[in-house]
Amino acid sequence: MKIVIGADHGGFKLKEELLRFLKKKGIEVSDFGTYSEESCDYPEISYRVARAVSKKQYNRGILICKSGIGNSIVANKVRGVRAALAYNLKAAEFSRRHNDANVLVLGASFVTGDTAKKIVDAWLNTEFEGGRHSRRVRQISAIEKKIDRRVE
């Protein structure tokens with residue numbers, strides 16, 4: 001599995017911790033920044049991660065900022081991305097089982113490093129259930145096609 005990860009300055013420390021965690025597990029991971037705690041704007045980083053997942057250059061993506069909200073908004077503008085903000089294991093698991101989320105968003109102000117690792121682990125290891133959920137994911141894709149302003 002190939003993962004891409006990105007964060008703004010508010011998520012930098014957690015991103016670094018998760019990078020080490022993922023590499024230790026033998027997962028191929030690319031870091032799209034930021035590379036310090038110096039103030040930066042999250043939209044460009046979030047877009048680059050989401051775009052790479054949308055183009056299938058990576059299987060999944062992880063985004064981190066202080067709340068996770070801004071990254072979620074940006075990533076979900078990109079066609080084919082289903083970004084899910086998860087503050088706990090249950091939300092992470094449901095995002096995969098029911099929504100086939102391909103981008104996980106974390107809020108560094110709301111999860112500890114240990115909790116984030118558990119969330120990431122659960123998210124990476126939970127499969128999409130399909131069935132009735134496939135119909136709903138197809139409906140989301142159909143809505144995306146109707147919206148001309150979506151970023152491609």
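## Overall size

The radius of gyration here is taken over C-alpha atoms, and the globule rule used alongside it is 2.2 Å times the number of residues to the power 0.38. With 152 residues, a compact globule would come out near 15 Å, and the chain has 14 Å, which agrees. Along its principal axes, the C-alpha trace spans about 40 × 30 × 25 Å.

A quick word on what you're looking at: this is a predicted model, where local features need pLDDT of at least 70, side-chain atom pairs count only at pLDDT 80 or more, and totals for chains, interfaces and linings use all residues. Residues are numbered from 1 along each chain as its sequence is written, and side-chain values use heavy atoms, with hydrogens and water left out.

## How the chain is laid out

Helices (H or I, at least four residues) and strands (E, at least two) are DSSP runs, numbered from the N terminus. On that basis the chain has six helices and five strands, and reading along the sequence gives you β-α-β-α-β-α-β-α-β-α-α.

Contact means heavy atoms within 4.5 Å. Take the contacts between residues at least 6 apart in sequence: 69% of them join residues at least 24 apart.

## Inside and outside

"Buried" means under 20% relative accessible area, "exposed" means over 50%, and "partly exposed" is in between (1.4 Å probe, protein chains only). Of the 152 residues, 45% count as buried. The chain exposes about 8,000 Å², with carbon and sulfur atoms supplying 48% of that area (Shrake-Rupley method with a 1.4 Å probe; for residues, only the protein chains shown count as cover).

As for charge, there are 29 positive and 18 negative side chains, and the centres of the two sets lie 6 Å apart. Lys and Arg count as positive and Asp and Glu as negative, while His and the chain ends are not counted; each charge is placed at NZ of Lys, CZ of Arg, CG of Asp or CD of Glu.

Helix 1 has 13 residues and reaches 18 Å from its first C-alpha to its last, close to the 18 Å expected at 1.5 Å a residue (the expected span is 1.5 Å times one less than the number of residues). Its buried residues are Phe 12, Leu 14, Lys 15, Leu 18, Leu 19, Phe 21 and Leu 22. They pack against strands 1, 2, 3 and 5, plus helix 5. Just after helix 1, Gly 26 takes a positive phi of about 85°.

Helix 5 (residues 113-125) also has 13 residues and reaches 18 Å, close to the 18 Å expected. Gly 113, Ala 116, Ile 119, Val 120, Ala 122, Trp 123 and Leu 124 are its buried residues. Their cover includes strand 1 (2-7), helix 1 (12-24), strand 3 (60-65), helix 4 (89-97) and strand 5 (103-107).

## Spots worth a look

Start with the loop between strand 2 (28-31) and helix 2 (42-54), where you'll find Thr 34. The peptide bond from Gly 33 to Thr 34 is cis, with omega near -5°. Lys 56, in the loop between helix 2 and strand 3, has phi near 65°, a positive value in a residue other than glycine. Lys 56 is exposed, with a relative accessible area of 72%. Asp 100 isn't a glycine either, yet has a positive phi of about 50°; look for Asp 100 in the loop between helix 4 and strand 5.

Ser 72 sits in helix 3 (residues 69-75) and is buried, with a relative accessible area of 11%. Leaving aside residues up to four places away in sequence, Ser 72 touches Leu 85 and Val 105. Ser 72 and Asp 8 are 64 residues apart in sequence and 13 Å apart in space, C-alpha to C-alpha.
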